[in-house]
Amino acid sequence: MTLNKEQYTAFEDIVGPEYISSDPAILFSYSWRSGLYAPPQDFSPLFEAIILPHTNEEIQAIVKLSNKFKLQFKASSTGWGPYNDATAPGCVKLDLRRMNRIIEINVKNMYAVVEPGVIGTQLQAECMKLGLNCNQNGAGTNCSASPIVGHCGFGHLSQSGSYGERNQLALEWITPEGELVCFGSLGSTGAWFCGDGPGPSLRGAVRGNVVPMGGLGVFTKAATKLYHWPGPTSVELEGVSPSYVPTSIDNHFLIRIYSFPDMEMMDQAQRKIGEAEIAYELMGFNKGMAASNIATSNEEMLKLHAEFSNLLTDFCLMVIIGGYSARDFEYKTKVLNQIAIDTQGKSLTKISDDPEVAAGCMWRWLRPTASIREVFRATGCFAGEVGGTDVFRLMADYIVETAKVKQKMINDKLIFDDGAPPFTQSIEHGHYGHGELLIRYIPNPSNWAGMMDFMAKANEIAIKQHFGVPGHVFSDMQHDIYGPHVMNYHKWLRKIKKSFDPNGASEGSHHITVKE
Amino acid sequence: MGLEEFRDDMTTCCRCSACKFVPLETLKGYDHVNICPSISRFDYRAFSGGGRLGIGVALLDKQLDYSSPKLREIIYNCQMCGACDVSCKYAMDMEVLEPMNAIRSEMVKHGNAPPALDKMITSLKNGGPMLLEGNAGQGEWASKLGVKDYTKQSVQVIYHAGCRTRHDKTRWAVAQQTVKLMQKANIDVGIAMDEPCCGGRAYQMGYQTEAADKARSNMESINKLGAKTLVTGCAECYFAFKVLYDKFGVKGDFEVLHTSEFFNRLVQQGKLKPTKKVNLTVTYHDPCHLGRQGEPYIHWKGQRVPGQLIIFDPPKEFRRGTKGVYEPPRELLQSIPGLKLVEMDRHKEFAWCCGSGGGVIETNPEYALWTATERINEAASTKAEAVVTGCPGCESLFETAIRKNNKNLKVYDIVEILAMATL
Ligand SMILES: Cc1cc2nc3c(=O)[nH]c(=O)nc-3n(C[C@H](O)[C@H](O)[C@@H](O)COP(=O)(O)OP(=O)(O)OC[C@H]3O[C@@H](n4cnc5c(N)ncnc54)[C@H](O)[C@@H]3O)c2cc1C
Ligand code: SF4
Ligand code: SF4
């Protein structure tokens, strides 16, 4: 189907002719497939039109028209993952890149309000000027800074900067029928400080486990919590891309990658570091990740990987310490050293003995920019987002189990062989964690079939061994698999969808649809 | 093979959007996050590096057709500045700008290049300059300099002024000062009264055959002269002689240097002494074809190793913009007494383009001006009094942008600054 003249003109009247297009050349550029879970097909189904709205009023009008015309719409911010795509004809895309203002950085109350087109780097850079920092999506600071847009929002900074669900404060939302709703304190006082009131709180309902992936209207502004930043107001760099070396991260920072003899010791180290609240970052960081992040090409990555394979076990943690004063730094360093001794953590000398490598890694992980190197440079495609989020050890065990299935794919030569080490990241200095695998592959039919088989097995492990609902669970099919094992949550999720979106206008194939 | 040669590169695009932004490690604030003029101005993904690669795959898959007017609008509203290529290669092992060049070449083959460009190519083929307007005579600019004509007398150093300088009277002073500075340093320099166009811009516009033909014919005559060095003050000519001709396999038996490199050497060697104070705060704009695209060409012929990893046999070293000409102009400016150099947020390999490249100044002057205005505003935000650069294309567009926006900034070629301190 293509939009008829009446439909096109109606949309055009809202945004003006410059900001709508249904020309095939424009449409194909949006349907080029994402590298995340890339299938063998080059293109996803074409949108009927791409619309670039600029205001809430425009979005409301577009959403209402979509309902009227029985069309679907899907919003996107940076549009990276496959969940930004149409899955069938009859859908228009709302590309929100023009809505890119930082509305406010409230230093006193430590929150920022952003539109979805602001990327993580921008918000972080502005926050740092004020002695603050914001969490970043582990995918990288090229993602939206909005805490409800991307995904869960776990990442390098989650130990001190938490993640999307917990960072999200007040929210401005355009429902799938076009109503403007202000959540939390915004709804009653016009202020952004709280996501749960006074005023209506629909946080859990609209957010679900992993944000609704375009399937529940459009989030136009969101407030996100901010955290203290112990570093400089801006970081000076030496060198030229792709090798930058920061020169101005002061001496109150330290970075280590520790390798532990077994899971038990790594688990203990994670808990002790959390209890002592000494880490600015704490993240499972295996040899594959370290090699890809440090190297500036695949050739170099292979060499580093071989080097690290002799030095690192499958149980590693990356730690960054940031001191707010010399004494604070000294204290944290001493505690860390003691924990490393107690848990037999061996420091990777490439990092601890080479200040340039250390500084480079530190900045690349404080402003996470090398995830693209890590997951996409090897093959252009990545599909490791199978992890769950629960007790650190439970998630670590889940990933160890799924890593065995990954190893089988490696044996079958379906994916890049990085030795299948698992990794789990720590959250909020606590017992909470998120595990994932790094799976990189060239998308051809047999590799893709292998991937699908892997996903099915990862689901089976999660369900049969009671690891909970992982973060990759989106779509009817997945929710219908998990729901019956988890208090039939899928039925409630579908009811939420149906209540807010009776016409199914907000394209929900990566969330849930209104089907019975 | 054309575009097909780049299928693997294009299908490696993971849609991460890094090509829209400066390398993210470098950002210091909200502003100046964007690196791609094209998507910044036109907003649809099609106008970004990644979007263009998606379109390339659709063209190969015959899902799109070369004759589309919208396709022409997308493909030619891009300065071919190569910033997307640098930002992508911060992380990835894939080509971005090369396939974009290949798409343009296909557009030309399919007769869907903008007519304004065809006109310039006709001029090139007839031995003329690659300009839509301006024809102020060939060697007239040098008539009072007493400089050798290298086509008639042997010289050590060829000074190639470039079409944009020779045919624009407002640029003559820069060429004249270049020669005077060389004369002051006792350089055995020559120019050609009948200087040929380098043809480099034809390549960016998609006319690869015409550019290669020009490269061959130029090198045939220049190689015979036995000069040791070719110096040019135009970034586009520099790119042509240094990078493109090498790519075409007609690299000369002489060194190619930009005026900033050449004069910086002379200053470092004590052969030129900038002694007069130039009390100015300036910011330096890296021309795309001198900076990121000015890094030497790396010859490679091989293939991707089959399997689950993008590596090559023999190993492929990617041009990532790392080895462009960044330091010599800065060193030269820092050698000028009284002058203070301040950097713009976007500099060196992630400098924002002036706006004129890729045929944009000829095909969409409004967009070229928009791009230059963005740069001028960035320069003004440094509190500099002047923008210094090393390309007549950048200079004239900046001057227009300053005039249209009523800014107080001045624009200088780096040679003019050296001349102020030295002549
Ligand atoms: C390499 C890689 C690594 C990753 N690692 C992590 C990780 O460590 N942690 C993590 O949490 N996630 C991770 N992800 C997932 C990541 O968060 C999303 O893929 C990324 O798309 C987020 O970008 P974005 O925030 O700009 O949102 P987009 O990509 O623009 O959108 C994401 C989804 O939200 C919808 N959407 C976007 N904007 C709006 C809006 N304003 N209103 C309503 N719906 C909207 C879209 O339709 C889409 O379904 C990873 C992804 C990749 C590709
Ligand atoms: S061209 Fe490179 S930077 Fe741009 S989206 Fe594709 S992979 Fe990312
Ligand atoms: S070459 Fe320059 S203008 Fe063209 S897509 Fe790349 S960054 Fe944008």
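**Two chains and their ligands, by question and answer**

Q: How many helices and strands are there in chain B?
A: This is a predicted model. Chain B has 423 residues. Its secondary structure comes to 18 helices and 11 strands.

Q: What share of the residues in chain B is buried?
A: The C-alpha trace of chain B spans about 60 × 50 × 40 Å along its principal axes. Chain B exposes about 15,000 Å², with 48% of it supplied by carbon and sulfur atoms. A residue counts as buried when its relative accessible area is under 20%. Among the 423 residues of chain B, the buried share is 68%.

Q: What part of the contacts in chain B with a separation of 6 or more joins residues 24 or more positions apart?
A: Contact here means heavy atoms within 4.5 Å. Counting the contacts in chain B with a separation of 6 or more, the part from residues 24 or more positions apart is 78%.

Q: How many helices and strands are there in chain A?
A: Chain A has 516 residues, and its C-alpha atoms fill a box of roughly 70 × 55 × 50 Å along the principal axes. The secondary structure of chain A comes to 19 helices and 20 strands.

Q: What share of the residues of chain A counts as buried?
A: Chain A has an accessible surface of about 17,600 Å², and 54% of that belongs to carbon and sulfur atoms. Of its contacts with a separation of 6 or more, 69% come from residues 24 or more positions apart. The share of the 516 residues of chain A that counts as buried is 65%.

Q: Which three residues supply 12% of the area that chain A buries against chain B?
A: The contact takes 73 residues from chain A and 62 residues from chain B. About 5,500 Å² is buried between the two chains, and carbon and sulfur atoms give 57% of this area. On the side of chain A, the three residues that supply more than any other three are Trp32(A), Arg97(A) and Tyr244(A).

Q: Which residues come nearest to ligand 3?
A: The shell around ligand 3 has nine nonpolar, four polar and one charged residues. Of the 14 residues in the shell, those that come nearest are Cys36(B), Arg52(B), Cys78(B), Cys81(B) and Cys84(B).

Q: How many nonpolar, polar and charged residues does the shell around ligand 2 have?
A: The residues around ligand 2 include Cys13(B), Cys14(B), Cys16(B), Cys19(B) and Cys88(B). Also among them are Arg15(B), Gly50(B), Leu53(B) and Met94(B). By class, the shell has eight nonpolar, two polar and one charged residues.

Q: Is Pro314(B) buried, partly exposed or exposed?
A: Pro314(B) lies in the loop between strand 8 (312-313) and helix 14 (327-334) of chain B. Beyond its neighbours within four places in sequence, Pro314(B) is in contact with Trp300(B), Lys301(B) and Gly302(B). Its relative accessibility is 36%, so Pro314(B) counts as partly exposed.

Methods. Residues numbered from 1 in each chain as written. Chains lettered and ligands numbered in written order. Predicted model: local features only at pLDDT ≥ 70, side-chain atom pairs only at ≥ 80, totals over all residues. Heavy atoms only, no water. Near = heavy atom within 4 Å. Nonpolar A, V, L, I, M, F, W, Y, C, P; charged D, E, K, R; others polar. Helix = DSSP H or I, 4+ residues; strand = E, 2+ residues; numbered from the N terminus. Buried < 20%, exposed > 50% of the residue type's maximum accessible area, 1.4 Å probe, protein only. Areas by Shrake-Rupley, 256 points an atom, 1.4 Å probe, with all protein chains shown as cover. Buried area = accessible area lost by both parts, 1.4 Å probe.
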